[in-house]
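Subject: Structure handover

Hello,

I am passing on the structure below, followed by notes on what was found in it. Please keep it open while you read.

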Amino acid sequence: MSGSIFRSFRRCRSIALIFLILVAFCLGTNFVYLLTSTTSTEAAAVWSASEKKHMIEKEAEIASLQSQIEQLRHESLALSTASIQMESIQMESIQMESIQMEKNKALSVTSITYYSSTWEKLWLDNSRNWQEHGICEAIAEQTTQVLAFMNGTCTARTDTPWCLIDDSVQQVWYHTEDGRVEKKRPSDIGRMSENAVEPVTDAAAAIWSYFEWTDPETGHLEREYIEPLVSHLRHPLARCKHGNTFLVDRSYVMPPSKRAKDRKAFLFDAGASSWNSGAGGPSLSYFAAVWQRQSIVWDRIEGWECATPEAQFYDTVPNEWKAKTVYHQKCISTTPAEDPFVPTVIRQQANKEDYVLFKLDIDSKEVETAIVDHLIGDIGDNDDLSYIDEFVWEQHVDNYLMASSWGKTQDMTKTIADSYDYFLRLRHKGVRAHSWV
């Protein structure tokens with residue numbers, strides 16, 4: 001665009017230059033004609049003071065025109081140089097974008113390996129035994145793991161053992177040495193650090209599970225952590241300790257630290273009735289705020305919900321997000337044969353080199369399970385899962401701790417151990433799969 005503007009301006013300058021040359025030529029021709037068309041006697045008679053003055057003025061005009069022509073020539077040369085430089089900058093920018101796209105494409109097809117932490121392996125081995133009525137008893141015996149995990153979810157430190165855990169919806173204060181929890185700021189806290197998420201170190205791999213892959217550009221081995229699959233697949237302390245404090249707390253969910261870097265970001269939310277509220281707490285405001293802590297700002301947000309009218313939904317969206325947010329008052333489909341089928345929408349809106357998060361929570365066991373079975377490949381042959389980097393899902397299974405909240409939405413044909421299997425399979429396929437609240 002900038003190059004075209006420079007070329008158009010350069011053509012206009014060239015036309016002006018030609019016009020000025022023609023004017024100068026005509027004036028010069030008249031001057032020569034006056035000098036050569038009279039005899040020396042006639043010239044002497046005609047050469048009056050006024051005519052001399054007139055000719056001097058003409059010469060001055062010619063000199064001025066010549067000066068303007070020279071100035072235009074220099075300006076035209078400068079514009080030509082600037083145009084070339086601008087086109088060169090644009091080409092470099094296009095080349096850099098192309099290189100980044102190729103890097104992202106390479107990442108999307110790079111083999112990503114998932115490793116369960118030591119704590120997760122303990123639950124994978126025993127979830128079928130503990131799922132009946134032993135979950136909270138097991139958590140109570142895992143004090144060391146719980147303390148280390150909770151310490152890793154702190155979002156701000158203080159000059160005491162207390163830390164702040166802030167999931168953007170709820171704030172709690174956690175004592176990193178004895179496990180106490182307070183909803184009000186403890187009085188012995190003096191100074192507090194800036195609200196910042198600290199990276200998990202390799203020394204914490206006994207608690208936090210992780211993905212590994214080889215960077216296609218540098219050849220270095222990259223590691224990215226994720227919360228372990230433990231307890232009944234929500235916050236480890238939910239309904240086991242501190243009452244309902246952690247029932248819908250999302251501080252246990254770990255956003256990506258590397259995978260979304262320099263990629264266009266898409267959020268698809270099936271079950272979005274409002275920006276800042278919901279039965280289990282808001283999802284859109286959470287993903288906007290918490291993902292931004294990892295410098296991830298959504299380029300497009302698309303949501304679906306059966307009951308909420310569009311006008312009512314958009315009234316809840318902050319002004320800075322309205323241009324990026326699209327909402328549909330529609331029930332989602334269970335099959336690609338019917339619209340809207342979210343995996344198909346994802347393929348239409350995003351590319352494999354983009355970063356995509358798909359959140360599924362519509363409290364319909366039939367619809368949700370059909371979509372997940374499709375993504376995993378149990379239904380049909382497709383590669384829809386390859387377009388998704390992050391998957392967030394609350395699966396309502398036979399869970400004695402959640403029966404009073406889930407009621408008839410529970411799928412009593414599925415157990416907590418079955419849910420473990422779903423999320424583990426998704427993670428082994430390279431997807432950062434999180435159990436939701």
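**Findings**

Among contacts in the protein chain (a contact means heavy atoms within 4.5 Å) between residues at least 6 apart in sequence, 71% join residues at least 24 apart. This is a predicted model, in which local features need pLDDT of at least 70 and side-chain atom pairs count only at pLDDT 80 or more, while totals for chains, interfaces and linings use all residues. Residues are numbered from 1 along each chain as its sequence is written, and side-chain values use heavy atoms, with hydrogens and water left out.

The protein chain has 13 helices and 15 strands; helices (H or I, at least four residues) and strands (E, at least two) are DSSP runs, numbered from the N terminus. Of the 437 residues in the protein chain, 44% are buried. Buried means under 20% relative accessible area, exposed over 50%, and partly exposed in between, with a 1.4 Å probe and protein chains only. The protein chain exposes about 22,300 Å², and carbon and sulfur atoms supply 54% of that area. Accessible areas come from the Shrake-Rupley method with a 1.4 Å probe, and for residues only the protein chains shown count as cover.

Strand S3 (residues 162–166) is mostly covered, with five of its five residues buried. Trp162, Leu164 and Asp166 point one way from S3, Cys163 and Ile165 point the other way, and all are buried.

Strand S2 (residues 156–157) pairs with S3 in the antiparallel sense over two bridges; two strands pair if DSSP finds at least two bridges between them. A hairpin of four residues joins S2 to S3. Strand S4 (residues 171–175) runs antiparallel to S3, and five bridges join them. Leu164 in S3 is the bridge partner of Ala156, and the bridge partner of Leu164 in S4 is Trp173. The hairpin of S3 and S4 has four residues between the strands, and there Ser168 takes a positive phi near 80°.

**The sheet S1-S6-S7**

An open sheet of three strands has the order S1-S6-S7, with antiparallel pairing. Strand S1 (113–115) and strand S7 (221–226) stand at the edges with a single partner strand each, so one side of each is left without a neighbour in the sheet. Direction ignored, neighbouring strands of this sheet are turned by 25° against each other on average. Axes are lines fitted to C-alpha atoms, for helices over the stretch in contact, and angles run from 0 to 180 degrees between N-to-C directions.

Three bridges pair S1 with strand S6 (residues 209–214) in the antiparallel sense, and Thr113 stands opposite Glu212 in S6. Helix H13 (residues 416–428) packs on the sheet and touches S1, S6 and S7; its direction makes about 140° with that of S1.

Ser117 is in the loop between S1 and helix H4 (118–130). Why does Ser117 count as buried? Its relative accessibility is 1%. Not counting residues up to four places away in sequence, Ser117 touches Ala205, Ala206, Ile207, Trp208, Ser209 and Pro228.

**Rings and charges**

A search of the whole structure finds 21 aromatic pairs. Rings of Phe, Tyr and Trp (its six-membered ring) pair if their centres lie within 6.5 Å; planes under 30 degrees apart count as stacked, over 60 as edge-to-face and the rest as tilted. Tyr314 and Tyr327 form an edge-to-face pair, at 6.5 Å centre to centre and 90° between the planes. This pair links distant parts of the chain, with Tyr314 in helix H8 (residues 310–314) and Tyr327 in strand S10 (residues 325–328), 13 residues apart. Tyr314 counts as partly exposed at 27% relative accessibility, whereas Tyr327 is buried, with a relative accessible area of 2%.

Elsewhere, ring pairs link Phe358, Phe391, Trp393, Tyr422 and Phe423 into a cluster.

A charge sits over a ring if NZ of Lys or CZ of Arg is within 6 Å of the ring centre and within 35 degrees of the ring normal. The charged end of Arg223 sits over the ring of Tyr210, 3.9 Å from its centre, and Arg259 lies over the face of Phe211, at 4.9 Å from the ring centre.

**The loop at Glu305**

Glu305 lies in the loop between strand S9 (300–304) and H8. Glu305 touches residues including Gly271, Ala272, Ser273 and Tyr327, not counting residues up to four places away in sequence.

Regards
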